[in-house]
Amino acid sequence: MDTLQELINMRRAEIPAHTDAFRVVDGTVWPGVFIDALADRLLVSLRDTALSRGLRDLLEQTGRAVFVKRLDKDVKEAPRQVCGPQLPLRFEIRENGVRYIMDMAAGYSQGLFLDQRLNRAEVRRRCRAGMTLLNTFAYTGGFSVCAALAGATATTLDLAQPCLSWCKENMQANGVDDSKHYFCKGDTLHWLARFARQGRTFDAIVLDPPTFSRDEKGRVWRVERDYGMLVEKAAACLAYKGWILCTTNCRKLSHAAFRAMVQAAAPGATLTHAPMPPDFDGEDYLKCLWCQF
């Protein structure tokens, strides 16, 4: 590969039309180096390595605005620009024609997890007018946007108010009237219990929690220990013949262990594995199961 731009062009040929956000390098070309194309910008993430002079030269040759951040275990930092034109830090990307707002100044995460691209498309395919979807641990609400575009009514749940506001912006960027959808601030387990007490059910639920978190009372939640409990509580809020998207990027869980955990928590449900997008061809870390009741 003579230039990084050639690699970008090769990757672009693998992804859907009307998509300008995808992974270019997934730790396979240069160990510990991950490069995402985000519209006309590049985001370089480094895990236990440094940005070499040679790679920086290749990045500069693309002519794009290039940002770099570290993925080291104890480092959570916003990307810093290292070369290229000065562009707005807040901008739009497209994924399957859907618009999402990204922000290089937002901190460690920029607004959308690209490895969930296939699942967002599948949510949109499965949803339809009249359906209700609950998007837990929603972050900026990508799944909610896709459900809304399909005609479903989305309930977006997250502990952080800025994330809920960001979700509304993403809806507005796609011509969706956010006033016709619901937004809940707070702990997911608390809200699931509350929905169950109220007898409120949803046709579809998305479970994509962080691997580690603390609730409003400081109690620790870990995917490898508590995901089954999460599925049980979600199932109690699921309508007849509904489905749950169960997914996690927890590297401590194998695919087999994750499947066993979900199956035990949802006896009788049909589980279908979903692969990662083809541009994520490095570590197979993301576990995704469609759980049909």
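Modeller: Start with alanine 39. Its relative accessible area is 16%, so alanine 39 is buried, because buried means under 20%. Keep in mind that this is a predicted model. Where does alanine 39 lie? Look in the loop between strand S2 (33-38) and strand S3 (41-46). Now check the backbone there. Alanine 39 is not a glycine, yet its phi is positive, at about 55°.

Lysine 241 also has a positive phi, near 60°, and this residue is likewise other than glycine. But lysine 241 sits in strand S14, which covers residues 238-248. Is lysine 241 buried or exposed? Its relative accessibility is 57%, so lysine 241 counts as exposed. The cut-off for exposed is over 50%.

Next, go to threonine 155. This residue belongs to strand S9, residues 153-158. Its relative accessibility is 2%, so threonine 155 counts as buried. What does its side chain touch? It makes a polar contact, at 3.1 Å, with the side chain of arginine 200. Set aside the neighbours within four places in sequence, and threonine 155 is in contact with Leu133, Leu134, Asn135, Tyr182, Cys184, Arg200 and Phe202.

Methionine 10 falls between the two classes. At 48% relative accessibility, methionine 10 counts as partly exposed. Its helix is H1, residues 4-12. Methionine 10 and valine 24 are 14 residues apart along the chain. Their C-alpha atoms are separated by 8.7 Å.

Now the helix pairs. Two packed helices are described by the angle between their axes and the distance between those axes.

Take helix H6 (residues 188-198) and H7 first. Their axes come within 9 Å and cross at roughly 30°. H6 and H7 are therefore roughly parallel to each other, since angles under 35 degrees count that way. Their crossing is left-handed. Thr188, Leu189 and Leu192 of H6 make the contact with Met229, Leu230, Lys233 and Ala234 of H7. By class, the contact of H6 with H7 has five nonpolar residues, one polar and one charged.

H7 has another partner. Helix H7 (residues 223-235) packs with helix H8 (residues 255-265) at an angle of about 30°. Their axes are 8 Å apart. H7 and H8 are therefore roughly parallel to each other. Which hand does this crossing of H7 and H8 have? It is right-handed. On H7, the contact is made by Val223, Glu224, Tyr227, Gly228, Val231 and Glu232. On H8, the residues are Phe258, Met261, Val262 and Ala265. The contact of H7 with H8 divides into seven nonpolar, one polar and two charged residues.

Finish with helix H4 (residues 142-149) and helix H5 (residues 161-173). These two pack at about 35°, with axes 9 Å apart. The crossing of H4 and H5 is right-handed. Here Ser144, Val145 and Ala148 in H4 meet Cys167, Asn170 and Met171 in H5. How many charged residues take part in the contact of H4 with H5? There are no charged ones, but four nonpolar and two polar.

Note on methods. Residues numbered from 1 in each chain as written. Predicted model: local features only at pLDDT ≥ 70, side-chain atom pairs only at ≥ 80, totals over all residues. Heavy atoms only, no water. Axes fitted to C-alpha atoms, helices over the stretch in contact; angles between N-to-C directions. Helix = DSSP H or I, 4+ residues; strand = E, 2+ residues; numbered from the N terminus. Parallel < 35°, antiparallel > 145°, perpendicular 65-115°, else oblique. Left-handed = near helix turned anticlockwise from the far one by under 90°. Contact = heavy atoms within 4.5 Å. Nonpolar A, V, L, I, M, F, W, Y, C, P; charged D, E, K, R; others polar. Buried < 20%, exposed > 50% of the residue type's maximum accessible area, 1.4 Å probe, protein only. Polar contact = N/O pair within 3.5 Å; in protein donor to acceptor, adjacent residues only side chain to side chain.
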